[in-house]
Amino acid sequence: MIFRNFKMISNVIFGRGCFNQLDEILEPKRTAKDSWMVFVIDDVFQGKELEQRIPLHDKDMLLWVNVDDEPKTSYVDLLTEKVKAYSTTLPSGVIGIGGGSSMDLAKAVSLMLTNPGSSQEYQGWDLIKNPAVYHAAVPTLSGTGAEVSRTTVLTGPEKKLGMNSDYTVFDQVVLDPELIRDVPHDQQFYTGMDCYIHCVESLEGTYLNQFSKSYGEKAIELCREVFLDDTAEDKDDKLMMASFFGGMSIAYSQVGACHALSYGLSYILGTHHGIGCSIVFDYLEEFYPEGVKEFRQMAERHKIKLPRNLTKDLTDEQMETMITVALGLAPLWENCLGPDWQTIMTRDKARSLFKRM
Ligand SMILES: NC(=O)c1ccc[n+]([C@@H]2O[C@H](COP(=O)([O-])OP(=O)(O)OC[C@H]3O[C@@H](n4cnc5c(N)ncnc54)[C@H](O)[C@@H]3O)[C@@H](O)[C@H]2O)c1
Ligand SMILES: [Fe+2]
């Protein structure tokens with residue numbers, strides 16, 4: 001048995017208002033006289049209070065990013081070029097402020113500043129050769145676990161796959177629950193369900209071990225308080241920690257059927273991750289009976305109306321590609337169904353599930 005030697009983020013700060021300490025945290029990284037930082041920030045904050053609070057120094061770069069579409073390799077390459085064109089020296093740090101998409105863009109840019117070529121060449125496991133520029137995350141939306149994971153999920157010309165590597169992991173994470181307070185209700189639910197589904201897939205998976213179980217059980221308990229308990233206090237704090245722990249849980253196990261199918265859906269239809277996972281999960285009763293039941297209670301309580309009939313206008317070719325993308329994620333299926341997964345999750349079975357969505 002070979003055990004994975006797991007890379008973790010080096011520094012974490014947690015607490016309401018801790019974003020105010022960001023300047024102090026970055027100070028030791030501004031070593032040279034001409035040191036500068038790039039703040040990669042979701043353009044939803046343009047003109048908002050948070051923009052004024054960014055600890056921007058004279059030479060720093062403010063890089064607004066748009067996440068209407070989830071991160072593509074072409075967008076990462078474009079952003080990297082912009083950063084390179086900004087100065088003759090590399091930045092001392094890349095700070096991602098936003099949800100999973102913006103954090104992933106920050107991770108990807110920090111990696112591509114020190115690794116030659118296009119980001120699409122690095123979609124896969126441990127293909128990155130050189131350490132990234134120092135990179136930090138400030139989540140403003142909780143659930144994906146992108147703040148703790150060793151991947152940055154990118155859609156490329158050939159596949160939707162992350163740049164998985166130890167170098168991808170953030171050096172610093174700033175967890176300030178005040179920053180997720182104003183997320184629109186539906187978005188908070190969908191991204192929160194990403195976390196809930198991570199927990200179910202991890203806890204019900206064949207790869208489960210005590211490391212993943214310990215984090216997963218705590219995370220799912222927090223999700224229940226946030227989404228099912230009207231009397232629970234400090235929900236933003238709880239959701240932020242659920243995301244973190246849910247991410248830790250899957251880091252040492254794996255996600256499962258819902259993520260595999262939702263990758264297929266999003267590759268063809270561009271469906272965003274949280275909502276895509278929610279749509280798919282609703283059809284996975286036979287694999288996760290208890291989880292799906294509880295998920296429906298949460299959706300009902302939060303008056304969420306899931307989109308339906310997404311796949312009805314697909315061509316046969318699109319449907320086949322969707323199936324190929326989903327079934328290509330062997331470890332996810334193995335985690336869900338065991339080593340003989342291919343006898344259960346056939347192309348016909350996947351097609352019948354997609355056709356219902
Ligand atoms: N790296 C990983 O381990 C990992 C894991 C899961 C998902 N992901 C990726 O994360 C992305 C999904 O992330 P997400 O669900 O956090 O959503 P997101 O980052 O795509 O953002 C969703 C929407 O919420 C808005 N938003 C973000 N913060 C806000 C705030 N505080 N107030 C108001 N609006 C706000 C954004 O502008 C956007 O419109 C996908 O690209 C997915 O592939 C990565
Ligand atoms: Fe996810």
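This report walks through the strands, helices, aromatic pairs and salt bridges of a predicted model.

## Ground rules

Because the model is predicted, local features need pLDDT of at least 70 and side-chain atom pairs count only at pLDDT 80 or more, while totals for chains, interfaces and linings use all residues. Residues are numbered from 1 along each chain as its sequence is written, chains are lettered from A and ligands numbered from 1 in the order in which they are written, and side-chain values use heavy atoms, with hydrogens and water left out.

## Strands and sheets

Elsewhere, 3 strands make an open sheet of mixed pairing, in the order β5-β8-β7. The edges are β5 (124-125) and β7 (153-155); each has a single partner strand, so one side of each is left without a neighbour in the sheet. β7 pairs with β8 (residues 160-164) in the antiparallel sense over 3 bridges, and V153 has G162 as its bridge partner.

## A buried leucine

L63 sits in strand β3 (residues 61-65) and is buried, at a relative accessible area of 3%. Leaving aside neighbours within four places in sequence, L63 has contacts that include F39, L79 and V83, where contact means heavy atoms within 4.5 Å. F39 is 24 residues away along the chain, yet the C-alpha atoms of L63 and F39 are separated by 5.8 Å.

## Aromatic pairs

The whole structure has 13 aromatic pairs. Rings of Phe, Tyr and Trp (its six-membered ring) pair if their centres lie within 6.5 Å; planes under 30 degrees apart count as stacked, over 60 as edge-to-face and the rest as tilted. F189 and F295 have ring centres 6.4 Å apart and planes at 40°, so this pair is tilted. F189 belongs to helix α5 (residues 185-203) and F295 to helix α10 (residues 289-301), so the pair ties together parts 106 residues apart in sequence. Both F189 and F295 are buried.

For W333 and W341, the centres are 6.3 Å apart and the planes at 20°, so the pair is stacked; both residues are buried.

## Salt bridges between helices

There are 21 salt bridges in the structure, each a side-chain nitrogen of Lys or Arg within 4 Å of a carboxyl oxygen of Asp or Glu. In one of them, the closest N and O atoms of R224 and E294 are 2.9 Å apart. This pair links helix α6 (residues 210-228) with helix α10, across 70 residues. R224 is partly exposed at 35% relative accessibility, whereas E294 is buried at 14%.

K238 and E225 form another salt bridge, at 2.8 Å from N to O, which links helix α7 with helix α6. In α7 (residues 235-251), 13 of the 17 residues are buried.

How values were computed
Helices (H or I, at least four residues) and strands (E, at least two) are DSSP runs, numbered from the N terminus. Buried means under 20% relative accessible area, exposed over 50%, partly exposed in between (1.4 Å probe, protein chains only). Two strands pair if DSSP finds at least two bridges between them.
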